Amino acid sequence: MCRPCKVNFVGPKAIERWNTRTANLTNAGAIHEFANSMVGALERGFIDKNNCTIAEIHRIAQNHIKDRYAVEVPGLAEEWGPETARLCGFGDAT
């Protein structure tokens with residue numbers, strides 16, 4: 001005699017919560033990895049200071065995304081315009 005199978009139906013709200021949680025974990029991991037890449041660059045001597053302008057952080061993120069995920073993202077001046085780029089330190093002795 002065969003027992004009836006119990007099927008656990010996962011509703012759309014549960015799937016949405018799971019997708020949101022998965023996206024949050026993915027994003028958190030990427031941000032953590034990015035921050036750790038800056039720590040590693042300092043530790044290994046690729047950079048010699050531990051304070052950055054927003055322009056430098058944007059450039060580090062741009063290179064990190066390109067190297068790690070093979071995705072090209074626009075530069076700071078291209079994305080925000082030259083005035084905002086200068087405000088963020090773009091063009092300062094970096």
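Is Ala70 buried or exposed? Ala70 is exposed, at a relative accessible area of 68%. For the cut-offs: buried is under 20% relative accessible area, exposed is over 50%, and partly exposed is in between, with a 1.4 Å probe and protein chains only.

A word on the source. This is a predicted model, where local features need pLDDT of at least 70, side-chain atom pairs count only at pLDDT 80 or more, and totals for chains, interfaces and linings use all residues. Residues are numbered from 1 along each chain as its sequence is written, and side-chain values use heavy atoms, leaving out hydrogens and water.

Now the overall picture. The chain has 4 helices and 0 strands. In sequence order, that reads α-α-α-α. Helices here are DSSP runs of H or I with at least four residues, strands are runs of E with at least two, and numbering starts at the N terminus. Of the 94 residues in the chain, 16% are buried. The accessible surface is about 8,100 Å², and carbon and sulfur atoms hold 59% of that. That area comes from the Shrake-Rupley method with a 1.4 Å probe; for residues, only the protein chains shown count as cover. Next, contacts, meaning heavy atoms within 4.5 Å. Take those between residues at least 6 apart in sequence: 42% of them join residues at least 24 apart.

On to the helix pair. Helix 1 covers residues 12-43 and helix 2 covers residues 54-69; they pack at about 115°, axes 10 Å apart. So helix 1 is roughly perpendicular to helix 2, a label for angles of 65 to 115 degrees. The axes are lines fitted to C-alpha atoms, for helices over the stretch in contact, and the angle runs from 0 to 180 degrees between N-to-C directions.

Who meets whom? Helix 1 brings Ala30, Glu33, Phe34, Ser37 and Met38; helix 2 answers with Ile57, Ile60, Ala61, His64, Arg68 and Tyr69. By class, that contact splits into 7 nonpolar, 2 polar and 2 charged residues. Nonpolar means Ala, Val, Leu, Ile, Met, Phe, Trp, Tyr, Cys and Pro; charged means Asp, Glu, Lys and Arg; the others, Gly among them, are polar.

Stay on helix 2 for Ile65. Ile65 is partly exposed, at 27% relative accessibility. Its C-alpha lies 8.7 Å from that of Phe34, 31 residues away along the chain. Setting aside neighbours within four places in sequence, Ile65 contacts Ala70, Val71 and Val73.

That brings us back to Ala70, in the loop between helix 2 and helix 3 (76-80). Its phi is near 55°, a positive value in a residue other than glycine.

Last stop, Gly75. Gly75 sits in the loop between helix 2 and helix 3. Gly75 is buried, with a relative accessible area of 14%. Which residues does Gly75 contact, leaving aside its neighbours within four places in sequence? His58 and Gln62. Ala55 is 20 residues from Gly75 in sequence, and 9.3 Å from it, C-alpha to C-alpha.

Definitions and conventions
Parallel < 35°, antiparallel > 145°, perpendicular 65-115°, else oblique.
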